[in-house]
Amino acid sequence: HQLFKRGDGINVYEEPVFMLYTYDHVIRLYCEKVGQLNLIVDYKSVLAKADEVISSYEEHKEQALYKPSYFDLTEYEKLTRLSVLLKLLPQENVCKQPPSEEIQQQLNILQQKISAFMHDY
């Protein structure tokens with residue numbers, strides 16, 4: 001027997017994104033209530049990779065709108081992962097070495113760009 005039939009209104013492609021948000025929520029609760037994760041983060045590397053991904057989207061967003069793969073699961077999930085990471089790093093008890101104020105500002109700017117890009121389309 002088939003669990004779901006075409007047209008049932010079930011979007012199985014949202015599950016990975018839902019799981020990302022669930023993991024994010026659980027990590028935040030853990031850090032708030034239980035203790036520290038003590039992640040060791042190379043902030044410069046994270047910022048460089050995030051900037052590279054965002055720049056690529058900004059450069060190609062006009063062309064991307066016409067491609068069938070635009071915002072398919074992998075693209076949307078990639079942006080969601082990056083968004084969750086950028087929001088999580090400055091949170092208390094997540095990183096062994098909290099980001100400096102300058103790095104926090106850069107993380108926030110990149111996060112805002114991702115949010116705007118995801119919500120604009």
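So, where is valine 41 found? Valine 41 sits in the loop between helix 1 and helix 2, and I'll come back to that loop in a minute.

Okay, ground rules. This is a predicted model, so to speak of local features we need pLDDT of at least 70, and side-chain atom pairs count only at pLDDT 80 or more, while totals for chains, interfaces and linings use all residues. Residues are numbered from 1 along each chain as its sequence is written, and side-chain values use heavy atoms, with hydrogens and water left out.

Confidence, then. pLDDT is the predictor's confidence in each residue, from 0 to 100. The protein chain averages 82, and 76% of the residues score at least 70. By helix, the mean is lowest in helix 2, at 84, and highest in helix 1, residues 15–33, at 90.

On to the fold. We've got four helices and zero strands, and the pattern along the sequence reads α-α-α-α. Those elements are DSSP runs numbered from the N terminus: H or I with at least four residues for helices, E with at least two for strands.

How much of the chain is buried? Of the 121 residues, 28% count as buried. Buried means under 20% relative accessible area, exposed means over 50%, and partly exposed is in between, with a 1.4 Å probe and protein chains only. The chain exposes about 9,000 Å², and carbon and sulfur atoms supply 53% of that. Those areas come from Shrake-Rupley with a 1.4 Å probe; for residues, only the protein chains shown count as cover.

Now contacts, meaning heavy atoms within 4.5 Å. Among contacts with a separation of 6 or more, residues 24 or more positions apart account for 79%.

Let's zoom in. Threonine 80 is in helix 3, residues 73–88. Threonine 80 is buried, with a relative accessible area of 0%. Leaving aside neighbours within four places in sequence, threonine 80 is in contact with Val17, Leu20, Tyr21 and Met118.

Valine 41 is partly exposed, at 22% relative accessible area. With neighbours within four places set aside, valine 41 is in contact with Val46, Leu89 and Cys95. Its C-alpha is separated by 8.1 Å from that of lysine 96, 55 residues apart along the chain.

In the loop between helix 1 and helix 2 there's also asparagine 38, with a positive phi of about 60 degrees although it is not a glycine. Asparagine 38 is partly exposed, at 37%. Then there's asparagine 93, in the loop between helix 3 and helix 4, where phi is near 75 degrees, again positive in a residue other than glycine. Asparagine 93 counts as partly exposed too, at 22% relative accessibility.

Last topic: cavities. On a 1 Å grid over the protein atoms alone, a cavity is a set of points where a 1.4 Å probe fits but cannot get out, and lining residues have an atom within 4 Å of a point.

Which residues line the largest cavity? They are Ile54, Tyr57, Glu58, Leu79, Lys113, Ile114 and Phe117. Helix 2 (43–64) and helix 4 (101–120) are the elements giving two or more residues to that lining. By class, the lining has five nonpolar, no polar and two charged residues. For the classes, Ala, Val, Leu, Ile, Met, Phe, Trp, Tyr, Cys and Pro are nonpolar, Asp, Glu, Lys and Arg are charged, and the others, Gly among them, are polar.

Conventions
On a 1 Å grid over the protein atoms alone, a cavity is a set of points where a 1.4 Å probe fits but cannot get out, and a pocket is an open set with protein on both sides within 12 Å along at least five of seven lines; lining residues have an atom within 4 Å of a point.
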